Amino acid sequence: EPIDNLPEHPIEFSGSEPGDFYGDNEKPVFFGHYWLRGQPSLYKNNICCLDYSIAKQGKLVAYRHDGEKILDPENFVYV
C-alpha cells in the first residue's frame, strides 16, 4: 500500500501489543519495509526498524551493531 494511503493513527490491536510477541530476552531483530516517520527510535530494547521512508524524502537509517543484546538508540546512523 502506498504510504500516502496509510492512516495517520496507530492501528489498534485486540489483546497483546505487537511487541509482546517477541520477548525481552530474545536476540536483537532488525526489520524494514515498515515505513516509519520522524526521529529513528527503538521499538523495544531488542527490536529495531531501519525503514524511515527514504523513498518519500525520509531518512536513510542504519544501526551500528557491536553484538550488544540490548540495543542503544545512540547507535542509529542516518542521513
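**Core, sheet and surface**

The largest nonpolar core has seven residues: Leu42, Cys48, Tyr52, Val61, Tyr63, Leu71 and Phe76. The model is a predicted one.

*Core*
- Beyond its neighbours within four places in sequence, Leu42 contacts Ile47, Cys48, Leu71, Asp72, Pro73 and Phe76.
- Among these contacts of Leu42 are Cys48, Leu71 and Phe76, which also belong to the largest nonpolar core.

- Three strands form an open sheet in the order 3-4-5, and their pairing is antiparallel.
- Strand 3 (51-52) and strand 5 (76-78) are the edge strands, each pairing on one side only.
- Strand 4 (residues 59-63) runs antiparallel to strand 3 and is joined to it by two bridges.
- Asp51 lies opposite Leu60, a residue of strand 4.

*Nonpolar surface patch*
- Ile54, Leu60 and Val79 make up a nonpolar patch on the surface, and their accessible area together is about 310 Å².
- Val79 is located in the segment after strand 5.
- Val79 counts as exposed because its relative accessible area is 71%, where the cut-off is over 50%.

*Salt bridge*
- One salt bridge is found in a search of the whole structure.
- This salt bridge pairs the side chains of Lys44 and Asp24, at 3.1 Å from N to O.
- Lys44 is in the loop between strand 1 (29-31) and strand 2 (47-49), and Asp24 is in the segment before strand 1, so the pair ties together parts 20 residues apart in sequence.
- Asp24 is exposed, with a relative accessibility of 60%.

Methods
Residues numbered from 1 in each chain as written. Predicted model: local features only at pLDDT ≥ 70, side-chain atom pairs only at ≥ 80, totals over all residues. Heavy atoms only, no water. Pairing = 2+ DSSP bridges. Helix = DSSP H or I, 4+ residues; strand = E, 2+ residues; numbered from the N terminus. Patch = residues over 30% accessible without salt bridge, like charges linked within 9 Å, V, L, I, M, F, W, Y side chains within 5 Å. Areas by Shrake-Rupley, 256 points an atom, 1.4 Å probe, with all protein chains shown as cover. Salt bridge = Lys/Arg side-chain N within 4 Å of Asp/Glu carboxyl O. Buried < 20%, exposed > 50% of the residue type's maximum accessible area, 1.4 Å probe, protein only. Core = buried A, V, L, I, M, F, W, Y, C linked by side-chain atoms within 4.5 Å. Contact = heavy atoms within 4.5 Å.
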